[in-house]
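This briefing sets out selected features of one protein model, grouped by topic. The sequence and structure come first.

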Amino acid sequence: MKRNKINWRVPKGMEITDLDRKVLYYQDRGHLVPARELIKTPEQIEGIRRSGIINTGVLDLVEKEIHVGMSTLEIDKLVYDYTISHGGIPATLGYEGFPKSCCTSINEVVCHGIPNEFDILEEGDIINVDCTTILDGYYADASRMFIIGKTTPKKEKLVQVARECLEIGMEAAKPFGFIGDIGHAIEKHAKKNGFSVVRDLCGHGVGVEFHEEPDVEHFGKKGTGMLLVPGMVFTIEPMINAGTWEVFIDEEDGWTVVTEDELPSAQWEHTFLMTENGLEILTH
């Protein structure tokens, strides 16, 4: 087996714990393991959990208010007002130049759609609303799909299968399993239903920063990728396409990711804490 980078180091003078021994066992056998700093402290986990409560509240509000004839700019205002009034900050606002407080991605838009006054929701649209909240320096990240009115059976199935992919990915993530186990399970389910998995974007570590290690790809082989260790916090956010997995970025705004064949896409996302018993959901 190819030797990976030595990530896990026990600080000098610190007593080696059972967790250290277990992770070092995998590292010594050539597996990719997280850096010790990626394991969140109880205080950090509590901070991320509190941020997650606000983030879930934001999406609950969107679910209650979203309707035919609403602009994506109105959705953005709901997200901003709710987040600020609860003591949080929308993480996307100003992030690397992103101009709004959430991402609104309709139909063939995979992700990173920018809210604006001209995108008006129509009967049959499917839309992903993706929100990340910062509270007291801690980040929580989630997205949901919404079906506007009644849509086609194909779009309805796509939204449902994307949700199932998230749930199946969650079930595949076990303590001292591997990131590749998640991607393998998701890709298998998507393909079984005639859909494809976007390869150019992935989930990620989160909590103390917006994007941390590891990358959580939604395709792959069992037993590959980074070791999953209790205390890690990360997102799983499969982007499932009706047609090809290939995508492009809108040159005009530099953000909006669209399916290459302009067929619809769907995505669900939670932030998870890996525990000794499996994943705990921190955002819904």
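Two strands pair if DSSP finds at least two bridges between them. Helices (H or I, at least four residues) and strands (E, at least two) are DSSP runs, numbered from the N terminus. The model is predicted: local features need pLDDT of at least 70 and side-chain atom pairs count only at pLDDT 80 or more, while totals for chains, interfaces and linings use all residues. Residues are numbered from 1 along each chain as its sequence is written, and side-chain values use heavy atoms, with hydrogens and water left out.

**Open sheet**

- Strands E6, E10 and E13 form an open sheet in the order E6-E10-E13, with antiparallel pairing.
- Strand E6 (196-197) and strand E13 (265-267) are the edge strands, each pairing on one side only.
- E6 and strand E10 (residues 239-241) run antiparallel and are joined by two bridges; serine 196 has asparagine 241 in E10 as its bridge partner.

**Helix H1**

- Buried residues (under 20% relative accessible area; exposed is over 50%, partly exposed in between; 1.4 Å probe, protein chains only) in helix H1 (residues 18-28) are Asp20, Val23, Tyr26 and Gln27.
- These residues lie on the same side of H1 because they cover an arc of only 130 degrees around the axis, the arc being that of the directions from the helix axis to the C-beta atoms.

**Aromatic pairs**

- Rings of Phe, Tyr and Trp (its six-membered ring) pair if their centres lie within 6.5 Å; planes under 30 degrees apart count as stacked, over 60 as edge-to-face and the rest as tilted.
- By this rule there are six aromatic pairs.
- The pair of tyrosine 26 and phenylalanine 178 is edge-to-face, because the ring centres are 6.2 Å apart and the planes stand at 75 degrees.
- This pair links distant parts of the chain, 152 residues apart: tyrosine 26 is in helix H1 and phenylalanine 178 in the loop between helix H4 (153-172) and H5.
- Tyrosine 26 counts as buried at 18% relative accessibility, and phenylalanine 178 counts as buried at 10%.
- The rings of tyrosine 95 and phenylalanine 210 have centres 4.7 Å apart and planes at 55 degrees, so this pair is tilted.
- Tyrosine 95 lies in the loop between strand E1 (89-90) and strand E2 (103-106) and phenylalanine 210 in the loop between E7 and E8, so the pair ties together parts 115 residues apart in sequence.
- Tyrosine 95 is partly exposed, at 27% relative accessible area, whereas phenylalanine 210 counts as buried at 9% relative accessibility.
- Tyr25, Tyr26, Phe176 and Phe178 are linked into a cluster by ring pairs.

**Pockets**

- On a 1 Å grid over the protein atoms alone, a pocket is an open set of points where a 1.4 Å probe fits, with protein on both sides within 12 Å along at least five of seven lines; lining residues have an atom within 4 Å of a point.
- The largest pocket has a volume of about 530 Å³, and of its 27 lining residues, Cys111, His112, Leu201, His211 and Trp255 lie nearest its centre.
- Strand E4 (126-135), strand E7 (203-205) and strand E11 (247-249) each supply at least two residues of that lining.
- The second largest pocket holds about 240 Å³ of space; 14 residues line this pocket, and the closest to its centre are Leu32, Ile179, Asp215, Gly225 and Met226.
- Helix H5 (179-192) and strand E8 (212-216) are the elements that give two or more residues to the lining of the second largest pocket, and E8 provides the largest share, three residues.

Technical notes. Points joined across faces, edges and corners; volume = space filled by probe spheres on them.
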